Amino acid sequence: MGLPPASAPTPPVDGRTTFMQALLPQERPVPHGPALWMWRHLYPAALVPDLLAGLTVGLVAIPLALAFAISSGMQPAEGLYTAILAGIIVSALGGTRHQVAGPTGAFVVVVADVIARHGVSGLLTATFLAGVMLILLGLSRLGTIIKFIPYPVVTGFTAGIAIIIFTGQIKDVLGLTVPHDHAEFVPKLIAIVQALPTIDGGTLVLSAIGLLLLLLWPRITTKIPSPIVVLVVLSILNQWIGAETIGDRFGALPTTLPTWQLPEFSVRLIADVFPSAIAIALLSGIESLLSAVVADGAADTQHDANQELIAQGLANCVTPLVHGLPCTGAIARTMTNIRSGAQGPVSGIVHGLVVLLAVLVGMPLIAQVPLAALGAILVIVAWNMSEIRHIQGLLHGPRGDVLVLFLTMGLTVFVDLIVAVEVGVILASLLFIKRLTELVTVEEVTEGTAPTGFHGGVIPRGMQVYTIGGPFFFGVLERFERTLSITAPDTHTVIIRMKMVPAIDATALHGLERIVTKLHQQGKRVYLTGLKEQPRRVLHQAGLIALIGGDDHCFPRLGDAIRHLGGSWPGGDSPVPQAQE
């Protein structure tokens, strides 16, 4: 049985049926239920490409999982355990066809920080809590909320993480002897500078060869992943050079699966790690959905954000049970999966099984890998994460976005990732409110003149008309109050046009109540025109319609209000033309 015709429409991926939609011929009905229940429907035309792609991605994932674990302060095997479980769970139950999940560079900073503050037990608890948060977000259908994180914030903290990862690899790339390895950026940098006289020539040579291979090998062929080439070549060369290896630093590596154990769940520890759990959930959600969007663009698919968050949450609940790291969708591995010809989620499952095979039979060889090889790989990872091209593009954008970008980057590097994201989102939100406020207009029309867009009609004597153009919210209230404060002394009627107001918030509602009360005290009548559904409902519920004078003081059009008050307006008793109101 072959693949569906290229002309056949691709159905949207819808969570629990994702696995089958990717694997079955599209003319066959797609059954519901967990993906793994449907193995009997696998067919060779999709299975063979997925097996080959999964093998390729699995080989790429092994050095990355090792490098991220070591850089985070965990044991090498724990990175591999994470890649196994995350790869299988997310691929089988996620909301995308091609997503490959596992440990990523984005978590290096968070993991190292949590371990420094709360130990490994604190990390495991925080990861489990983050998984629960992601599951709740997905079940609540709130997956799209993650997409509201502003782009300058995402770019800023990603670039900041890249700087930290790069700095953390200098020691292993140069073979430095650093007496005290600090977690904070500035003390770490000072310690590295002070240790520069201890550079090991052999390690430096290995690192240089590794970097050259990582940069040049893809130009020769992409069939064999460059990280695997680096591991093999540098491990062979190190037999004569003798640089520090994974086995030298961590001892004998386990060749069996770990025992399952629940994390610690004390009230005090949960309270302590809760902010870190939020950061892990935020990072996992953002990176997973970003990876899903990239995969959709490359493979012409459509992902289910909520189902993806549920799968990522399940994976983050399971990996702590084996002392694993936080996990998320990995953009580089996902794109490798697509470029390797993957047809569906089976490739991600195969990728996990390949890493499992490495744990069971390949640990003695992994122990011989020089740390310089992993350092070189992470230097390239850091460069790819730095978002240099995207930063250059943002520099040509609004100055406020540039400020958010560099503030988030600086806080990520020098303070804390959680603080960086919080401050970045708050500042970006304030800038958005400022821009939105600038777009909302408050127009005053005095007697003898016509509002913008009206022809043939003028405001009668004793009336003043005020037009609000845009959402009436707290950012606009001060300007509206200032404009109304200069009503003419002989004005007896104030008409507020709200045809262009789609919504009103509580602050504006309270301010409008204050304004109406003040105008009444001055002996002025107040009328509203053009109320839309949300403002009318809110004003009724708050008693503002009654305060103004009831429904008799609300008109659908400005001309209706003026004619009701005895004024003259084009159109007589007929409705005012749509173009005029």
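How much accessible surface does the protein have, and what percentage belongs to carbon and sulfur atoms? The accessible surface comes to about 25500 Å², of which 64% belongs to carbon and sulfur atoms; such areas come from the Shrake-Rupley method with a 1.4 Å probe, and for residues only the protein chains shown count as cover. This is a predicted model, in which local features need pLDDT of at least 70 and side-chain atom pairs count only at pLDDT 80 or more, while totals for chains, interfaces and linings use all residues. Residues are numbered from 1 along each chain as its sequence is written, and side-chain values use heavy atoms, with hydrogens and water left out.

**The overall picture**

- The protein has 23 helices and 7 strands; these are DSSP runs numbered from the N terminus, with helices (H or I) of at least four residues and strands (E) of at least two.
- Of the 581 residues, 54% are buried (buried is under 20% relative accessible area, exposed is over 50%, and partly exposed is in between, with a 1.4 Å probe and protein chains only).
- Among contacts (heavy atoms within 4.5 Å) between residues at least 6 apart in sequence, 78% join residues at least 24 apart.

**The second largest pocket**

- This pocket has a volume of about 960 Å³.
- On a 1 Å grid over the protein atoms alone, a pocket is an open set of points where a 1.4 Å probe fits, with protein on both sides within 12 Å along at least five of seven lines, and lining residues have an atom within 4 Å of a point.
- Grid points are joined across faces, edges and corners, and the volume is the space filled by probe spheres set on the points.
- Its lining has 44 residues, and S71, A112, H182, A183 and K188 lie nearest the centre.
- Helix α4 gives the most to this lining, with 8 residues; other elements that each supply at least two include α2 (44-72) and α18 (417-439).
- The lining divides into 25 nonpolar, 10 polar and 9 charged residues (Ala, Val, Leu, Ile, Met, Phe, Trp, Tyr, Cys and Pro count as nonpolar, Asp, Glu, Lys and Arg as charged, and the others, Gly among them, as polar).

**Cysteines**

- A disulfide is a covalent bond between the sulfur atoms of two cysteines.
- A search of the whole structure finds 0 disulfides, where a disulfide is a pair of cysteine sulfur atoms within 2.5 Å.
- For C317, the closest cysteine sulfur is in C327, and the 9.6 Å between them is too far for a bond.
- C317 is buried at a relative accessible area of 11%, and C327 is also buried, at 0%.

**Two loop residues with positive phi**

- R141 is not a glycine, yet has a positive phi of about 60°; R141 sits in the loop between α4 (106-139) and α5 (151-174).
- R141 is exposed, at 51% relative accessible area.
- H323 also has a positive phi, near 65°, in a residue other than glycine, and lies in the loop between α11 (305-318) and β2 (328-329).
- H323 is partly exposed, with a relative accessible area of 34%.

- L231 belongs to helix α8 (residues 226-241) and is buried, at 10% relative accessible area.
- Leaving aside residues up to four places away in sequence, L231 touches P63, V369, A373, L374 and I377.
- L231 and I62 are 169 residues apart in sequence, with 10.0 Å between their C-alpha atoms.
- F432, in helix α18, is exposed, at 51% relative accessible area.
- F432 and D401 are 31 residues apart in sequence and 9.8 Å apart in space, C-alpha to C-alpha.
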